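User: I would like to learn how to read side-chain packing in a model like this one. Could we go through the features one at a time, with the general idea before each case?

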Amino acid sequence: SSATMASLLRLAMVDPRFFSDESHPGRRLMERVAQRSFKYNDEYSSQFDAFFKPVAAAFNELNQSGIDSAQPFGAVLTRLEDAWDAQDEQEQQQRGDVLQAMRFAEERQAQADQIAWDLSKRPDLDNVPGVVLDFLFGPWALVMAHARLTDENNQIDPQGFGSTVPDLLWSVKKEVTLKRPAKLIEMIPGLLGKLHEGLDL
């Protein structure tokens with residue numbers, strides 16, 4: 001930018017070491033900004049804009065101040081480096097969080113597949129509607145897997161989501177519920193509450 005060139009030209013005029021000393025703060029600032037810019041592929045992206053605005057502001061600040069030594073350039077470089085380091089650390093943490101979430105999702109799905117297989121061998125699946133079986137082998141198996149993975153007490157049925165299965169299967173069998181409607185009416189609120197609790201996971 002014009003502010004960048006102006007401040008660097010003014011520095012070169014008062015400090016000829018700018019051309020000969022590779023460790024000169026002015027040169028290091030220019031090189032680090034250029035090097036950092038390689039991280040961004042699109043100059044019109046919001047990520048590049050977030051990088052460029054502090055850099056432009058820093059050089060505008062330099063251009064508006066009286067430059068009689070390289071010290072202000074060193075201070076600006078330190079400030080920018082600190083901000084970049086903090087950004088890199090945050091991005092690294094975010095990448096770690098995403099990777100951990102992906103691993104958890106993969107392990108949860110693997111456990112859910114095994115749970116679904118085990119549920120498919122239950123002897124009380126006769127006359128259960130297909131939509132209920134799909135729910136049982138899909139979302140509810142995921143709920144049970146999630147509860148197991150997040151359980152810190154090594155329980156057989158953490159949060160009791162497995163014990164909900166017999167009640168769910170019983171509640172959808174008309175040939176038995178019609179004979180005991182009072183039991184069904186009494187069971188439904190608690191059953192629905194437990195299902196919602198699991199799905200909220």
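User: Which residues touch the most other members in the largest nonpolar core?

Analyst: First, the model is a predicted one, in which local features need pLDDT of at least 70 and side-chain atom pairs count only at pLDDT 80 or more, while totals for chains, interfaces and linings use all residues. Residues are numbered from 1 along each chain as its sequence is written, and side-chain values use heavy atoms, with hydrogens and water left out. In soluble globular proteins, nonpolar side chains tend to be buried together. A nonpolar core is a set of buried Ala, Val, Leu, Ile, Met, Phe, Trp, Tyr and Cys residues joined through side-chain atoms within 4.5 Å, where buried means under 20% relative accessible area with a 1.4 Å probe, protein chains only. Here the largest core has 24 residues, and L136, W140, M144 and V165 touch the most other members. Helix α6 gives the most to this core, with nine residues; helices are DSSP runs (H or I, at least four residues) numbered from the N terminus. A second, separate core of 14 residues includes A58, L77, L80 and W84.

User: Which residues does L136 touch, leaving aside those up to four places away in sequence?

Analyst: Contact means heavy atoms within 4.5 Å, and on that basis L136 touches L119, L125, A141, V165, L168 and L169.

User: How do the axes of α6 and α9 meet?

Analyst: Axes are lines fitted to C-alpha atoms, for helices over the stretch in contact, with angles from 0 to 180 degrees between N-to-C directions. The axes of α6 (residues 130–150) and α9 (residues 181–199) come within 8 Å and cross at roughly 65°. The contact is made by F135, P139, W140 and V143 of α6 together with K194, L195, G198 and L199 of α9.

User: How many aromatic pairs are there in the whole structure?

Analyst: Rings of Phe, Tyr and Trp (its six-membered ring) pair if their centres lie within 6.5 Å, and planes under 30 degrees apart count as stacked, over 60 as edge-to-face and the rest as tilted. A search of the whole structure finds seven such pairs. F51 and W84 form a tilted one, 6.1 Å centre to centre with 35° between the planes. F51 lies in helix α4 (residues 46–64) and W84 in helix α5 (residues 71–119), so the pair ties together parts that are 33 residues apart in sequence. Both F51 and W84 are buried, and ring pairs link Y40, F48, F51, F52 and W84 into a cluster.

Note on methods: Helix = DSSP H or I, 4+ residues; strand = E, 2+ residues; numbered from the N terminus. Buried < 20%, exposed > 50% of the residue type's maximum accessible area, 1.4 Å probe, protein only.
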